[in-house]
Amino acid sequence: MASTDIYELTNAPITAHSFNKDQLVVCPNTNDAQIYQYGHSNFKLQDTLKGHDKVITSIDFAPNTNRIVTCSQDRNAYVWTNEGGIWKPGLVLLRINRAATFVRWSPNEEKFAVASGARCIAVCYFEEDNDWWASKHLKKPIRSTVCSLDWHPNSILLASGSADMKARVFSSFIKGLDKKPAASVWGDKLPFNTLCGEYSTSRGGWVQAVAFSPSGDALAFAGHDSTVNVVYPQQGADPVVLNISANTLPFRSLIWTNEQQIVAAGYDCAPILYETKDGRDWHFAGSLDMGRKKASQAASVLSRFRTMDSRGEAENDTTLNTIHQNTINEIRIYEGSRANVTKFSTCGVDGKVVIWDFDPSQLVTDLSSLKL
């Protein structure tokens, strides 16, 4: 079983979280973001970011520039910068008329992308002359709410997952800001809004999570149809799309831990491992949460009969045999590089943030052994 550090921060659902060194920023399903300072055994509330009018939907912490970006159902995004110990919001011109749903910094931290219910993605960059973050929109051929995003390592290509049951790869190249990227399996001519690939879920579910592989040469996405799909684009040929049907509930988030392993998490309340040896034969490996043994409670025969008579049941135990007691909303890399993740973190509807040790060689347990 993977070693874990469990932190119960709140009784409310945690909709999003992001780490940066010894700091953690979370949204407890409100219009505020809370910044915690990490101690030896717990987190201490350090600051609260106030500015949004409605629930914050996504958060991302830029590790090098120490900037936080938040987006919300109020159709706004803010870039928070720490000036003299005070977090100050920066203006972002999103120009959207529906809720912002997801946000991520590019790897070089010069841009960030905001998904929305307005059937577009706002790619934001800083304009020094005006002292604000301007945006350009990726629109066609998106036909519904964009649920998730992920950046390619080159900070140019952007993957999206939408409620129109499609995963797409776009070019977000901005002239005057980005350097011309090297040719890759996704293409060589990449002006802004170039569609480099469009892929469907195998059984018709909206796409809730997308992630590029560490090299950027493959794309994984999870659908609400309980599938994980892996795409290998081919230059001058049709892409290879592998569909992996899961015997679990749908996933809400996934990450690559290396080129041969993917960890996904969602409505089954446990992180699930998928792996391959040859890059083609992907398969379900098992759960990284082996569950906890419950302490047996001795009860008299009379009390058991009373419970059966009054409630129609012998026991009233609603505790899941997993660390998270409700849906896992998000999974993020905590320690290590994209090519070699050694720890990852999860947050859930149960108000917990959990840090998991990850050893690629560890044994996993079959999910069927969990009591859900």
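Visitor: Let's start with one residue. In which strand is isoleucine 333 found?

Guide: Isoleucine 333 sits in strand 26, which covers residues 328-337. Keep in mind that what you're looking at is a predicted model.

Visitor: Why does isoleucine 333 count as partly exposed?

Guide: Its relative accessibility is 33%. Buried means under 20% and exposed means over 50%, so a residue at 33% lands in between and counts as partly exposed.

Visitor: Which residues is isoleucine 333 in contact with, leaving aside its neighbours within four places in sequence?

Guide: Here's the list: Ile255, Trp256, Arg338, Val341, Lys343 and Phe344. They get called contacts because heavy atoms lie within 4.5 Å. Another residue to look for is phenylalanine 19: it is 314 residues away along the chain, yet its C-alpha atom and that of isoleucine 333 are separated by 8.7 Å.

Visitor: What makes strand 26 and strand 27 a pair?

Guide: Two strands pair if there are at least two bridges between them. Strand 26 and strand 27 (residues 340-348) have eight bridges, so they pair, and they do it in the antiparallel sense. For one example, arginine 332 has serine 345 in strand 27 as its bridge partner. The two strands also form a hairpin, with two residues between them.

Visitor: How do you know that strand 27 pairs with strand 28?

Guide: Use the cut-off again: five bridges join strand 27 to strand 28 (residues 352-357), and at least two are needed, so they pair. These two strands run antiparallel. Lysine 343 is bridged to aspartate 357 in strand 28, and threonine 346 to valine 354.

Visitor: Why do strand 1 and strand 26 stand at the edges of their sheet?

Guide: Look at the order of this open sheet of four strands: 1-28-27-26, with antiparallel pairing. Strand 1 (4-8) and strand 26 each have a single partner strand, so one side of each is left without a neighbour in the sheet. From one strand to the next, the twist averages 15°.

Visitor: Where is there another open sheet of four strands?

Guide: Follow the order 14-15-16-17, where the pairing is antiparallel. Strand 14 (146-151) and strand 17 (195-200) are its edge strands, each pairing on one side only.

Visitor: What makes strand 15 and strand 16 a pair?

Guide: Five bridges join strand 15 (residues 157-162) to strand 16 (residues 166-171), and the requirement is at least two, so they qualify. One of those bridges links glycine 161 to alanine 167.

Visitor: How many residues does the largest nonpolar core have, and which have the most contacts inside it?

Guide: The core has 19 residues. Those with the most contacts inside it are Val230, Phe251, Leu254, Trp256, Ile262, Tyr274 and Trp282. Several strands each supply at least two residues of this core, including strand 20 (227-234) and strand 22 (251-258). Apart from it lies another core of 17 residues, among them Ala62, Ile96, Val103 and Cys124.

Methods. Residues are numbered from 1 along each chain as its sequence is written. This is a predicted model: local features need pLDDT of at least 70, side-chain atom pairs count only at pLDDT 80 or more; totals for chains, interfaces and linings use all residues. Side-chain values use heavy atoms; hydrogens and water are left out. Buried means under 20% relative accessible area, exposed over 50%, partly exposed in between (1.4 Å probe, protein chains only). Axes are lines fitted to C-alpha atoms, for helices over the stretch in contact, and angles run from 0 to 180 degrees between N-to-C directions. A nonpolar core is a set of buried Ala, Val, Leu, Ile, Met, Phe, Trp, Tyr and Cys residues joined through side-chain atoms within 4.5 Å.
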